[in-house]
Amino acid sequence: MSGCMWLVLLAPCTWFTIVPLVACYSFARSARVRAHRLFPPHGHRVGDDRQVVRVQKTRAWVAAVMSLLLLAVYGTPEDAVEARELYIMRLAVTPPLLLLSAPVVIAVLFRWASAQTRSAMRVRVRAALRSAGWYIGAVTALPLLGGAIVLLGRKQEASSGSPGAAPWLILAAALPLVWLLFFVGFATGPAIRTGFNTAAVHAALPALLTGTLVWEFTVISLLAGGLPPGPPVVQVLAVLGGPASVTAVAWWEIRRLRARHGVTLRA
């Protein structure tokens, strides 16, 4: 029997599995296209400087290995749980912290730049604000749609004896919620790497924002979890070594941008 005939015969059994998968795929593809159109995955790179990328990846892997060794030698099970919670907290805090830090860094660059550079930066800032507005709107709509679904579900339970329009309203709220979940998932990584497209405003902004955020995260980690485990010398090195190395790599990247592409910070 041909495969098409088997598909027709098994259609009633596979209806509830194939259709949701196809719908999720179409939603994911549409959200991915829109997210990468707003936030290009490689929009933070002025040129394909593979040496900078290699050094950044090496520093990230060394930091991860040192953190695991620190937990393995001096840590306790409670420290491991706390480190995992801090990692999850950083993932959640990064987008809003970046949205708050980017205007401050851009204002400093405006102060340093020449009049001609400022006029060009103003036009690019508007485009970055539009893309950031899309992201903020999507993140804001997620809890609103989720709350609407919960309220409609409770309303449907209260009036379960009389069929109404609540199931269709729940479906109407669930479809955009699924699309927004895919959009936020695909957009968050490129948005963070590009600083919400601030790289188009100034080529050095991703490096400057990275150096700023890493020190902000250090303060947040100290306030939330305290010092890492180990002797005092190891604690100081663990607290300052990470942000100091990130700042050094960011400053080295800015120097390469100045030497290879003529990117300057001051007038």
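Predicted model: local features only at pLDDT ≥ 70, side-chain atom pairs only at ≥ 80, totals over all residues.

Residues are numbered from 1 along each chain as its sequence is written, and side-chain values use heavy atoms, with hydrogens and water left out.

**Chain overview**

The chain has an average pLDDT of 81, and 86% of the residues score at least 70; pLDDT is the predictor's confidence in each residue, from 0 to 100. There are 8 helices and 0 strands, where helices (H or I, at least four residues) and strands (E, at least two) are DSSP runs numbered from the N terminus. Among these elements, helix α8 (residues 232–261) has the highest mean pLDDT, 88, while helix α1 (residues 3–9) has the lowest, 54.

Of the 267 residues, 30% count as buried; buried means under 20% relative accessible area, exposed over 50%, and partly exposed in between (1.4 Å probe, protein chains only). The chain exposes about 16800 Å², of which carbon and sulfur atoms supply 70%; accessible areas come from the Shrake-Rupley method with a 1.4 Å probe, and for residues only the protein chains shown count as cover. Among contacts (heavy atoms within 4.5 Å) between residues at least 6 apart in sequence, 84% join residues at least 24 apart.

Two packed helices are described by the angle between their axes and the distance between the axes. Axes are lines fitted to C-alpha atoms, for helices over the stretch in contact, and angles run from 0 to 180 degrees between N-to-C directions.

| Helix pair | Axes come within | Crossing angle |
|---|---|---|
| α7 and α8 | 8 Å | roughly 170° |
| α3 and α8 | 11 Å | roughly 175° |

The crossing angle makes α3 roughly antiparallel to α8, and α7 and α8 are likewise roughly antiparallel to each other; angles under 35 degrees count as roughly parallel, over 145 as roughly antiparallel, 65 to 115 as roughly perpendicular and the rest as oblique.

On the α7 side, the contact of α7 with α8 includes Val 214, Trp 215, Thr 218 and Leu 222, and on the α8 side its residues include Val 239, Leu 240, Pro 243 and Ile 254. By class, this contact has 12 nonpolar, 4 polar and 1 charged residues; Ala, Val, Leu, Ile, Met, Phe, Trp, Tyr, Cys and Pro count as nonpolar, Asp, Glu, Lys and Arg as charged, and the others, Gly among them, as polar.

For the other pair, residues of α3 including Val 52, Arg 59, Leu 70 and Tyr 74 meet residues of α8 including Val 234, Trp 252, Glu 253 and Arg 256. The contact of α3 with α8 has 9 nonpolar, 4 polar and 3 charged residues.

**Three residues**

Thr 218 lies in helix α7 (residues 205–225) and counts as buried, at 11% relative accessibility. Not counting residues up to four places away in sequence, Thr 218 touches Val 239 and Pro 243.

Phe 186, in helix α6 (residues 166–193), counts as partly exposed at 28% relative accessibility. Leaving aside neighbours within four places in sequence, Phe 186 is in contact with Ala 28, Ala 31, Arg 32, Ala 35 and His 36. Phe 186 and Pro 41 are 145 residues apart in sequence and 9.7 Å apart in space, C-alpha to C-alpha.

Thr 117, in helix α5 (residues 115–158), is partly exposed, with a relative accessible area of 31%. From C-alpha to C-alpha, Thr 117 and Arg 266 are 9.9 Å apart in space, and in sequence they are 149 residues apart.
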